[in-house]
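Look at the model below and find its two ligands. The paragraphs that follow describe what surrounds each of them.

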Amino acid sequence: MNIQQNISLKPYNTFSIDAKAKYFASFKTIDELSELLNYKPQTSNYKLILGGGSNILFTKDVDGIVLKNEFRGIELIKENAHHYYVKAAAGESWNALVMHCINRNYAGMENLSLIPGNVGASPIQNIGAYGVEVKDIFESLEAMNRHDLSIHMFSANDCVFGYRDSVFKTKHKDEFVILNVTFRLNKQLDFNTSYGAIEQELAKMHVHELSIKAISQAVINIRTSKLPNPKEIGNAGSFFKNPVITAAQFNQLKKSYENMPGYTNNETHIKVAAGWLIEQCGWKGYRNGDAGVHEKQALVLINQGNASGEEIYNLSSQIIKSVSDKFDIILEREVNII
Ligand code: FAD
Ligand code: EPU
């Protein structure tokens with residue numbers, strides 16, 4: 001067990017926040033993980049499982065141990081007439097897995113290209129983009145109980161997936177370490193190009209014959225045109241969830257704001273674009289020191305250099321208040337706050 005002390009977490013979170021971990025260790029095997037979960041430092045028994053650090057905001061130093069997941073491996077475990085079943089270790093990069101599947105013509109993940117982070121975190125918030133969510137291709141996962149080290153299998157039903165939500169954010173929050181995830185990819189190519197600007201981008205790319213590679217490239221082009229690259233500007237993607245409001249409230253707001261974008265969530269509720277609400281409150285491109293709001297996407301809070309997690313968090317609180325004052329809508333943070 002190689003446990004380091006007083007480690008800066010700056011290289012381990014895409015917000016580039018310079019928080020410190022009292023203890024830090026990585027694990028590559030079940031035995032190493034078990035040993036680390038049994039380890040009880042005298043001062044604090046707090047344990048944080050870390051993947052790629054792309055959905056986390058450190059607002060303080062971690063008084064406990066940060067456990068970095070480095071499980072590796074991608075394997076085709078079975079196939080039938082319709083599907084390929086691919087099992088990926090939790091520490092694999094999500095985008096590397098997407099590219100692995102695209103290169104073999106396994107369809108279903110292409111709309112989720114270029115999402116940062118690791119496989120293990122993908123079911124936690126049911127990552128989604130461009131009309132597809134992990135739940136659409138999810139088969140099962142294996143996870144270790146952090147307290148008694150027992151290993152459990154979760155089906156899609158067990159995970160209770162919702163919009164940026166699963167049982168790992170609710171009933172089983174901080175209870176399991178996800179070890180690997182099995183995805184069900186399609187043999188039959190069933191392209192999903194209806195969302196956002198994918199079709200426009202494909203036309204711009206002069207794509208005549210649709211392929212999962214072309215869709216992936218279109219998604220990559222759109223994403224890079226509006227989302228900041230964490231290697232250049234610290235961020236964790238969308239800081240807030242898109243709020244879901246009643247159709248009655250939406251219709252009322254439409255009377256004053258006719259351009260307000262809304263997407264039907266179900267018969268009675270509408271999902272509203274948080275980026276639009278934040279932009280309307282005047283925050284787009286805002287900067288206070290190194291904490292700010294991205295100039296091309298108001299849903300993305302940024303660290304331009306040396307902002308502290310607390311500064312980013314305080315900015316998010318100001319944004320929540322102004323959106324609430326103007327629209328009577330309460331934004332919920334999507335990023336995990338530590
Ligand atoms: P981390 O940030 O390391 O961890 C996130 C949470 O999961 C933490 O609570 C952590 O403790 C827990 N965790 C991590 N691994 C495990 C594990 N193996 N077992 C148990 N718990 C674990 N998300 C989307 O859904 N759609 C997008 O389009 C999208 N775009 C983004 C764009 C940018 C530029 C950035 C920076 C982020 C974006 N995100 C998006 C958010 C982020 O990429 C995802 O949430 C991703 O799944 C986080 O993975 P991670 O490994 O970095 O998780
Ligand atoms: N908009 C504005 N101003 C802005 C930003 C957006 O008016 O500053 C408007 C856009 O014009 C558009 C609408 O809001 O009409 C939606 O914008 P966009 O297509 O950029 O998507 P989003 O709703 O802001 C969501 C996800 C992203 C995901 C994209 C694509 C959430 C919280 N965010 O963003 O996920 O990549 O759709 O599917 O659901 C993430 O979770 O980190 C993330 C980046």
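Ligand 2 is surrounded by 23 residues, and the closest are Tyr130, Tyr163, Glu279, Gln297 and Glu334; a residue counts here if one of its heavy atoms lies within 4 Å of the ligand. This is a predicted model, in which local features need pLDDT of at least 70, side-chain atom pairs count only at pLDDT 80 or more, and totals for chains, interfaces and linings use all residues. Residues are numbered from 1 along each chain as its sequence is written, ligands are numbered from 1 in the order in which they are written, and side-chain values use heavy atoms, with hydrogens and water left out.

One of its nitrogen atoms is 2.7 Å from an N or O atom in the side chain of Glu279, and an oxygen atom of ligand 2 is 3.1 Å from an N or O atom in the side chain of Lys284. Of the 830 Å² of accessible area that ligand 2 has on its own, the protein covers 82% (Shrake-Rupley method, 1.4 Å probe). Domain 2 (74-226) and domain 3 (234-337) both give residues to the shell, so ligand 2 lies between them; the domain bounds come from an automatic or database assignment.

Around ligand 1 there are 34 residues, with Ile49, Gly52, Ser54, Gly128 and Arg223 the closest. A polar backbone atom of Gly52 is 2.8 Å from an oxygen atom of ligand 1, and a polar backbone atom of Ile178 is 2.8 Å from a nitrogen atom of ligand 1. Taken alone, ligand 1 exposes 980 Å², and the protein buries 93% of that.

Methods. Polar contact = N/O pair within 3.5 Å; in protein donor to acceptor, adjacent residues only side chain to side chain.
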